[in-house]
Amino acid sequence: MANLTLAQAKEILAKHTTEEHLFTHAAAVSAAMEAMAEYFGEDKEHWAAIGYLHDVDFEKFPEEHCAHVRELLKPEGVSAEDIDTIISHGYGLTASDVKPTTNCQKSLFAVDELTGIVHAYSLMRPEKFAGMSVKSLKKKFKDKRFAAKCNRDVITKGAQDLGIDLGELMELCIKGMAAHAENF
């Protein structure tokens, strides 16, 4: 298969996922990955597709997340490189043995958790994403009780691995999600 497309990612995820919140999360990570691709001058649709499909095995195998990605995606014709990229987002956290080394892999690792905080914050605001500032998001980020399940250490490590300031990463995530606000 050539580069994974967003349409293909949506078709594949629908075969393995039924929970609405997982589709919302997929859309959020996809939107953030599109912004990251633009930042790095890469293929936005391809990175968005990777983001959309990143939790393909989560609903069926939550305790073994990332361990079943290869068996689900290889028969779909997804490239080994894309499969490794998807698996890499769980490095050090799940059954993933693929260390993020590319900008795409590092971006996926960094934005996966961050999108949860951005999305939760947007739900609190009457204007949702419009006018959301990094400064106000950082205040929510510092409050460990807010979106408590989102791992701040992973986000911080992801920004460091990318060589991007945490505020800049937040800005990119907000930008990407705001561009697709209708999906949230």
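## The largest pocket

Helix 6 gives the most to the lining of the largest pocket, contributing eight residues. The structure described here is a predicted model. The volume of this largest pocket is about 750 Å³. Two elements, helix 2 and helix 6 (103-124), each give two or more residues to its lining.

In total, 26 residues line the largest pocket, and those nearest its centre are His-25, Phe-58, Asp-112, Glu-113 and Lys-149. By residue class, the lining of the largest pocket consists of 11 nonpolar, 11 polar and four charged residues.

## The cavity and its lining

The model contains one cavity of 30 Å³ or more. The space in the largest cavity amounts to about 30 Å³. Its lining is made up of Leu-13, Thr-17, Leu-22, Ala-26, Tyr-52, Asp-55 and Val-56. Of these lining residues, five are nonpolar, one is polar and one is charged.

Leu-13, one of the residues that line the largest cavity, belongs to helix 1 (residues 6-16). Leu-13 has a relative accessibility of 3% and therefore counts as buried, because the limit for a buried residue is under 20%. Val-56 is also listed in the cavity lining. Leu-13 and Val-56 are 43 residues apart along the chain, yet their C-alpha atoms are separated by 5.7 Å.

## Helix 2 and the residue that follows

Helix 2 covers residues 20-40, a run of 21 residues. From its first C-alpha to its last, helix 2 reaches 30 Å, close to the 30 Å expected at 1.5 Å a residue. Just after helix 2 comes Gly-41, which takes a positive phi of about 70°.

Glu-38 is placed in helix 2. Its relative accessibility is 42%, so Glu-38 counts as partly exposed. The C-alpha atoms of Glu-38 and His-16 are separated by 29 Å, and the two residues are 22 apart along the chain.

## Aromatic pairs

Across the whole structure, a search finds four aromatic pairs. One of them joins Tyr-39 and Phe-40, whose ring centres are 4.9 Å apart and whose planes meet at 90°; the pair is therefore edge-to-face. The cut-off behind that assignment is an angle over 60 degrees between the planes.

Both members of this pair are partly exposed: Tyr-39 has a relative accessibility of 37%, and Phe-40 has a relative accessibility of 22%. Tyr-39 and Phe-40 also form one aromatic cluster together with Trp-47.

## Salt bridges

The model has six salt bridges. One of them links Arg-125 to Glu-127, with the closest N and O atoms 2.7 Å apart. In this pair Arg-125 counts as buried, at 11% relative accessibility, whereas Glu-127 is partly exposed, with a relative accessible area of 40%.

A further salt bridge brings together the side chains of Arg-145 and Asp-143, at 3.3 Å from N to O. Arg-145 counts as exposed at 74% relative accessibility, because the limit for an exposed residue is over 50%.

Lys-157 forms a salt bridge with Asp-161, and the closest N and O atoms of the two are 2.8 Å apart. Both residues lie in helix 8 (residues 152-162), four residues apart, about one turn of the helix. An α-helix has 3.6 residues a turn, so residues three or four places apart point the same way.

Lys-157 is partly exposed, with a relative accessible area of 42%. Asp-161 also counts as partly exposed, at 31% relative accessibility.

Methods
Residues are numbered from 1 along each chain as its sequence is written. This is a predicted model: local features need pLDDT of at least 70, side-chain atom pairs count only at pLDDT 80 or more; totals for chains, interfaces and linings use all residues. Side-chain values use heavy atoms; hydrogens and water are left out. A salt bridge is a side-chain nitrogen of Lys or Arg within 4 Å of a carboxyl oxygen of Asp or Glu. Buried means under 20% relative accessible area, exposed over 50%, partly exposed in between (1.4 Å probe, protein chains only). On a 1 Å grid over the protein atoms alone, a cavity is a set of points where a 1.4 Å probe fits but cannot get out, and a pocket is an open set with protein on both sides within 12 Å along at least five of seven lines; lining residues have an atom within 4 Å of a point. Grid points are joined across faces, edges and corners, and a volume is the space filled by probe spheres set on the points. Ala, Val, Leu, Ile, Met, Phe, Trp, Tyr, Cys and Pro count as nonpolar, Asp, Glu, Lys and Arg as charged, and the others, Gly among them, as polar. The expected span of a helix is 1.5 Å times one less than its number of residues. Rings of Phe, Tyr and Trp (its six-membered ring) pair if their centres lie within 6.5 Å; planes under 30 degrees apart count as stacked, over 60 as edge-to-face and the rest as tilted.
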